[in-house]
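Subject: Structure handover

Hello,

Here is the structure for you to look through. My notes on it come after the model.

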Amino acid sequence: MIKLNLHDAILALTNSLDYVGVDAMQHGKRVGHMASLVAHTLGWSEARCRHVLHAGMLHDYGVSRVREDRRLNDSLEWDGAEAHCVRGAAYLEACPALSGFSDIVRYHHSNWSELADVEGLAPDTALEANLICLVDRADVLLAPYLSGGHLHNNIIWESHQIVERLKPLSGHQFAPVLVEAFARTAASEAFWLSMEPGYLDEELSSRCKQAQPAVVAVQDLRELAGLMARVIDAKSHYTDDHSRRVAAISRHLAAAMGRRGDDLVMIEIAGLLHDVGKLRVPEDIIEKPGALTRDEHAYIARHSYDTYRILMQIFPQTPIPRWAGAHHENLLGEGYPFKRDASQIELESRILSVADIFQALLQDRPYRPRLTLDEVILCMTSMVVEGRLDGEVLAVLIREREACLRLASSEAPLPSF
């Protein structure tokens with residue numbers, strides 16, 4: 001059993017979504033924060049205010065691509081918005097710890113006039129979903145006042161324009177009671193000034209201290225990791241299922257090398273999340289067919305450190321951040337981001353490295369076609385000879401190559417996450 005602060009976990013998930021929104025950093029945080037402030041104005045219970053805070057932070061969990069994020073934030077209404085709502089709701093529904101947010105996420109781009117006709121949608125949930133819809137669009141209107149990591153001072157004089165832009169949508173797009181409560185809440189300068197990035201991070205961090213950690217089974221953490229992996233792998237069709245297949249291969253290799261019980265689940269989680277830092281890499285770089293420029297390569301070179309920092313927020317009392325953050329280290333001490341030598345690289349990180357390379361070489365990538373199994377083994381054997389990869393781990397993979405090939409193949413069914 002491991003202690004997990006759900007608010008910490010949701011905050012880390014939101015930080016990873018910020019990496020998708022290169023041009024809309026902290027969007028989920030602002031939406032959640034605005035929603036909780038309006039909920040307080042409405043007199044909702046503290047538990048319900050916290051619920052809409054978390055729902056707002058997770059509302060765009062179906063967005064994995066920078067291009068999609070930009071389209072969502074270009075205008076008040078967008079015809080293709082529902083796709084990411086359906087996708088995000090499905091992701092959350094599959095994770096018991098977060099399934100209570102799925103209906104809000106599913107309908108957060110639906111007009112208020114449509115929600116009454118949704119069969120099985122509870123009235124309270126409909127109102128919560130519409131609140132997220134309202135403050136989500138308010139944040140789109142706030143975007144011009146945010147640049148360079150700061151909130152422009154003139155928001156104090158011009159914030160009423162945002163409120164006036166939303167008022168005519170009362171009754172059709174937004175519930176009148178929500179528009180009225182938003183207008184009352186937004187009349188305070190403090191409401192807008194609390195969107196200053198530094199203040200917003202302080203506010204959300206203080207919420208972490210107020211939340212009580214829950215003791216959860218390692219298996220529950222696996223389901224949370226599976227949720228995150230779906231978003232990571234959706235970043236590009238070239239990386240489809242990569243994280244989940246690396247996780248499955250890593251677990252198989254670890255079991256073949258004598259690991260048992262929770263250790264197997266934790267290395268599986270590390271495999272699922274080893275590329276979470278890639279969410280901040282624009283898909284134009286991931287899908288580039290030619291050589292990367294120096295600046296483009298810098299995006300790639302930092303992703304494993306970003307992975308480490310995100311996972312330290314969610315799993316601070318486990319070895320998962322260490323294992324996943326070191327998956328691009330090599331035994332010569334020439335890897336990244338820590339430049340660790342062989343004595344500092346744990347077996348689990350070595351297993352992840354072998355599984356990551358094996359699965360990647362068996363996938364088509366924009367800069368090369370997939371290799372055959374024999375070509376992959378020859379390539380990885382050369383890495384062992386050079387002193388980069390762990391020869392013992394590769395020997396186990398070669399011994400288990402048929403099972404690992406099935407786990408790596410895009411045609412084979414994935415283990416359930």
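This is a predicted model: local features need pLDDT of at least 70, side-chain atom pairs count only at pLDDT 80 or more; totals for chains, interfaces and linings use all residues.

Pocket and cavities

The largest pocket has a volume of about 780 Å³. Its lining consists of 30 residues, and H328, Y336, D356, A360 and Y367 are the ones nearest the centre. By class, the lining of the largest pocket has twelve nonpolar, ten polar and eight charged residues.

A search of the whole structure also turned up four cavities of 30 Å³ or more. The second largest cavity holds about 60 Å³ of space. Around the second largest cavity are I232, D233, K235, T239, H242, S243, D275, K278 and I286. Helices α13 (218-233) and α14 (242-256) are the elements that give two or more residues to this lining. Its residues divide into two nonpolar, three polar and four charged.

Backbone features

Two points in the backbone may be of interest if you prepare the model for calculation. The peptide bond between Y336 and P337 is cis, with omega at about 10 degrees. Y336 is also among the residues that lie nearest the centre of the largest pocket. P337 sits in the loop between α19 (320-325) and α20. K339 belongs to the loop between α19 and α20 as well. K339 is not a glycine, yet its phi is positive, at about 55 degrees.

Helix contacts

Two packed helices are described by the angle between their axes and the distance between the axes.

α2 with α10: helix α2 (residues 27-41) packs on helix α10 (residues 176-186) at an angle of about 100 degrees, and the axes are 9 Å apart. Angles of 65 to 115 degrees count as roughly perpendicular, so α2 is roughly perpendicular to α10. From α2 the contact uses L37, V38 and T41, and from α10 it uses A181, F182, R184 and T185. Four of the contact residues are nonpolar, two are polar and one is charged.

α2 with α8: α2 also packs against helix α8 (residues 123-142), here at an angle of about 125 degrees with the axes 9 Å apart. That angle makes α2 oblique to α8. The crossing of α2 and α8 is right-handed. On the α2 side are H27, R30, V31, M34, A35 and V38, which meet L131, I132, V135, D136, A138, D139 and L142 of α8. The residues of this contact comprise nine nonpolar, one polar and three charged. V38 of α2 takes part here and also in the contact with α10.

α3 with α8: the axes of helix α3 (residues 46-58) and α8 come within 10 Å and cross at roughly 50 degrees. The two helices are therefore oblique to each other. The crossing of α3 and α8 is right-handed. R48, H51, V52, A55 and G56 in α3 touch D124, L127, E128, L131 and I132 in α8. This contact has five nonpolar, two polar and three charged residues. L131 and I132 of α8 meet α3, and L131 and I132 also meet α2.

Regards

Methods: Residues are numbered from 1 along each chain as its sequence is written. Side-chain values use heavy atoms; hydrogens and water are left out. Axes are lines fitted to C-alpha atoms, for helices over the stretch in contact, and angles run from 0 to 180 degrees between N-to-C directions. Helices (H or I, at least four residues) and strands (E, at least two) are DSSP runs, numbered from the N terminus. Angles under 35 degrees count as roughly parallel, over 145 as roughly antiparallel, 65 to 115 as roughly perpendicular and the rest as oblique. Contact means heavy atoms within 4.5 Å. Ala, Val, Leu, Ile, Met, Phe, Trp, Tyr, Cys and Pro count as nonpolar, Asp, Glu, Lys and Arg as charged, and the others, Gly among them, as polar. On a 1 Å grid over the protein atoms alone, a cavity is a set of points where a 1.4 Å probe fits but cannot get out, and a pocket is an open set with protein on both sides within 12 Å along at least five of seven lines; lining residues have an atom within 4 Å of a point. Grid points are joined across faces, edges and corners, and a volume is the space filled by probe spheres set on the points. A crossing is left-handed if the near helix is turned anticlockwise from the far one by less than a right angle, and right-handed if clockwise.
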